[in-house]
Amino acid sequence: MAVRKSSKLPQTAVLKQILKRCSSLGKKNGCNDVGGLPVDVPKGHFAVYVGENRSRYIVPISFLTHPEFQCLLQQAEEEFGFVHDMGLTIPCEEVVFESLTSMLRC
């Protein structure tokens, strides 16, 4: 899967914006004082919401370097933009997301 580059911002800038927005959302929803991250998200990870039920998954930041995960982020940007009420939402079925993340963990 190839990642289509956005003409708006370089890909690294887009990823930084996503992470910044995810961490700033934690300030509103039960977080620690260190960096404003939610208490249940370990260092080096971030939360995403997947599927119709918006199930929450904690994934390692290293996933951001995988083209397959970047494709999901591109789809999220196209469908939702950068405005998320509850955090970064990935527009795919949970079973697909779980299958992808299990492959990336190997």
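User: What is the strand order in the open sheet, and what is the pairing?

Analyst: This is a predicted model. Its open sheet has 3 strands in the order β2-β1-β3, and the pairing is mixed.

User: Which strands stand at the edges?

Analyst: β2 (55–60) and β3 (88–90) do; each has a single partner strand, so one side of each is left without a neighbour in the sheet. From one strand to the next, the twist averages 40°.

User: How many bridges join β1 to β3?

Analyst: There are 3 bridges between β1 (residues 45–50) and β3, and these two strands run parallel. Tyr49 is found opposite Thr89 in β3.

User: Which strands does helix α2 lie across?

Analyst: Helix α2, residues 67–80, lies across β1, β2 and β3, and runs at about 105° to β3. Helix α3, residues 94–104, also packs on the sheet and touches β1, β2 and β3. The direction of α3 makes about 15° with that of β2.

User: Staying with α3, which residues are buried there?

Analyst: Phe97, Leu100, Thr101 and Leu104 are buried in α3. They span an arc of only 95° around the axis, which puts them on the same side of the helix. In general, an α-helix has 3.6 residues a turn, so residues three or four places apart point the same way.

User: And what covers those buried residues of α3?

Analyst: The cover includes β1, β2, α2 and β3.

User: Which residues are exposed on the other side of α3?

Analyst: Val95 and Met103 are exposed there.

User: Back to α2 for a moment. Is Gln74 buried or exposed?

Analyst: Gln74, which lies in helix α2, has a relative accessible area of 15%; the cut-off for buried is under 20%, so Gln74 counts as buried.

User: How far is the C-alpha atom of Gln74 from that of Ile90?

Analyst: The two C-alpha atoms are separated by 9.4 Å, while the residues are 16 apart along the chain.

User: Where does Arg54 lie, and what is its relative accessibility?

Analyst: Arg54 is in the loop between β1 and β2. Its relative accessibility is 32%, so Arg54 counts as partly exposed.

Key. Residues numbered from 1 in each chain as written. Predicted model: local features only at pLDDT ≥ 70, side-chain atom pairs only at ≥ 80, totals over all residues. Heavy atoms only, no water. Pairing = 2+ DSSP bridges. Helix = DSSP H or I, 4+ residues; strand = E, 2+ residues; numbered from the N terminus. Axes fitted to C-alpha atoms, helices over the stretch in contact; angles between N-to-C directions. Contact = heavy atoms within 4.5 Å. Buried < 20%, exposed > 50% of the residue type's maximum accessible area, 1.4 Å probe, protein only. Arc of directions from axis to C-beta.
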